[in-house]
Amino acid sequence: MNSSQNAVSQAKSSLNLVLRDRNTFGFDVSAEVAYEITAAEQVPAVIRGVTEKNLPWRVLGGGSNVILPKVLSGATLLMNITSQEIVSSDEKATLIAVGGGVNWHEFVAWTLDNHFPGLENLALIPGTVGAAPIQNIGAYGVEIGEYIDSVEAFDAKSHTFVTLAKDACQFAYRDSYFKQNPHRFIVTKVIFKIPKQWQARIHYADLAKQFTSNLNPSPREIFLAVCKIRTQKLPDPKMIGNAGSFFQNPIVPNEQYKTLLHKYPGLVSYPDALGKRKLAAGWLIDQCGFKGQRMGNVGVYENQALVLVNHGGGTAQDILGLAKCIQDKVKKEFGVSLEIEPNIL
Ligand SMILES: Cc1cc2nc3c(=O)[nH]c(=O)nc-3n(C[C@H](O)[C@H](O)[C@H](O)COP(=O)(O)OP(=O)(O)OC[C@H]3O[C@@H](n4cnc5c(N)ncnc54)[C@H](O)[C@@H]3O)c2cc1C
């Protein structure tokens, strides 16, 4: 191991760093050279160094939405910027600037402890604040893009720090400008805008069920309900390797939806923001008989068909092989293509 930690402006580096704790699939992987980024000022030198040598690079937060190969060649930037400050507050909203390396769930809990409700539906999503805008994380009817004022990032193309206002981030379902431009931005800070006016958002079926006898739940009650549902439904990566939902819910035109509904009356779907129909990918996979199935060291989670798991000793290749089987069968049965949600690095 070769490390240097002389100045704040220089990122600490390590050779052949094992990343088992930085990928929730628990794959046995390592980074050729890993840089621990604790301050935004450390980023330009690291990026300059790797671009001069024409080496590949990527950013890793908590590793909860990635599929990693055995060795990550070139440079891996481990995002560890943990600053957090209230920038301003008026009668309409509070602006909070948060470092890219802050743990997402801890930040959500902090907003509630400090009476800034709004993010409670997004409790217990693993990972970091810096990764939240990348795929516009969402759960129980809320997407984070709604609460973002702007994002500060280092742009590896122009070699400058940039601030992208919310509209420039182009947030959409599990998508953003950052996701559309991979290997370009290193998100160092996210500025959240939390409106002072709060309204409970419990229309999602699973959440609504928790409040049949309490129509006016508090933010704290919603936070606790979300934590309870997630703990019951999703496997804990510490116990069994996974990256949450493995496929995006496919969005289909209304005509296709109606044809499918006619053939499969039990089809589970939700209206999409743009007037199309979002199909429950988990239901499609379940109908094809994959739930609880195992293929070597990997498999489909027994309680939720949308989650692929590593039973131990699995690799990226194993998971992608299983994913291909599922995609092919779903396409054959329903004529619908499933897109992989985690990033294949
Ligand atoms: C059990 C479980 C449940 C989950 N539930 C949900 C859910 O309900 N909703 C949801 O949306 N997601 C969910 N996820 C996926 C995941 O938690 C989120 O996508 C999360 O935002 C990923 O954060 P991370 O720090 O782990 O990112 P990583 O996995 O480390 O990285 C994800 C991607 O973002 C890039 N990236 C990370 N940090 C930065 C940065 N600072 N700058 C630039 N690029 C960066 C990486 O290069 C990679 O491409 C779940 C995952 C698990 C394991």
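About 1,000 Å² is buried between domain 1 and domain 3, and carbon and sulfur atoms supply 60% of that. Buried area here is the accessible area, taken with a 1.4 Å probe, that two parts lose on being put together, summed over both. On the domain 1 side, Phe25, Asn65 and Ile67 give up the most area to domain 3, and together they account for 65% of what that side buries. This is a predicted model, in which local features need pLDDT of at least 70 and side-chain atom pairs count only at pLDDT 80 or more, while totals for chains, interfaces and linings use all residues. Residues are numbered from 1 along each chain as its sequence is written, and side-chain values use heavy atoms, with hydrogens and water left out.

So who touches whom? In numbers, 9 residues of domain 1 are in contact with 17 residues of domain 3, contact meaning heavy atoms within 4.5 Å. By class, the side of domain 1 that touches domain 3 has 5 nonpolar residues, 4 polar ones and no charged ones. For those classes, Ala, Val, Leu, Ile, Met, Phe, Trp, Tyr, Cys and Pro count as nonpolar, Asp, Glu, Lys and Arg as charged, and the others, Gly among them, as polar.

## The domains along the chain

## Salt bridges

The structure holds 9 salt bridges, each a side-chain nitrogen of Lys or Arg within 4 Å of a carboxyl oxygen of Asp or Glu. One of them pairs Asp206 with Lys233, with the closest N and O atoms 2.9 Å apart. Asp206 sits in helix α4 (residues 205-208) and Lys233 in helix α5 (residues 219-233), so this pair ties together parts that are 27 residues apart in sequence. Helices (H or I, at least four residues) and strands (E, at least two) are DSSP runs, numbered from the N terminus. Asp206 is partly exposed at 23% relative accessible area, and Lys233 is partly exposed too, at 32%. On this scale, buried means under 20% relative accessible area, exposed over 50%, and partly exposed in between (1.4 Å probe, protein chains only).

Another salt bridge joins Lys324 and Asp328, again with 2.9 Å between the closest N and O atoms. Both lie in helix α8 (residues 316-334), 4 residues apart, which is about one turn of the helix. Lys324 is partly exposed at 46%, and Asp328 is partly exposed at 42%. Elsewhere, salt bridges that share partners join Asp206, Lys209 and Lys233 into one network.

## A look at Ser30

Ser30 is in strand β2 (residues 30-37). Is Ser30 buried or exposed? At 17% relative accessibility, Ser30 counts as buried. Leaving aside neighbours within four places in sequence, Ser30 is in contact with several residues, including Asn16, Val18, Lys70 and Leu72.
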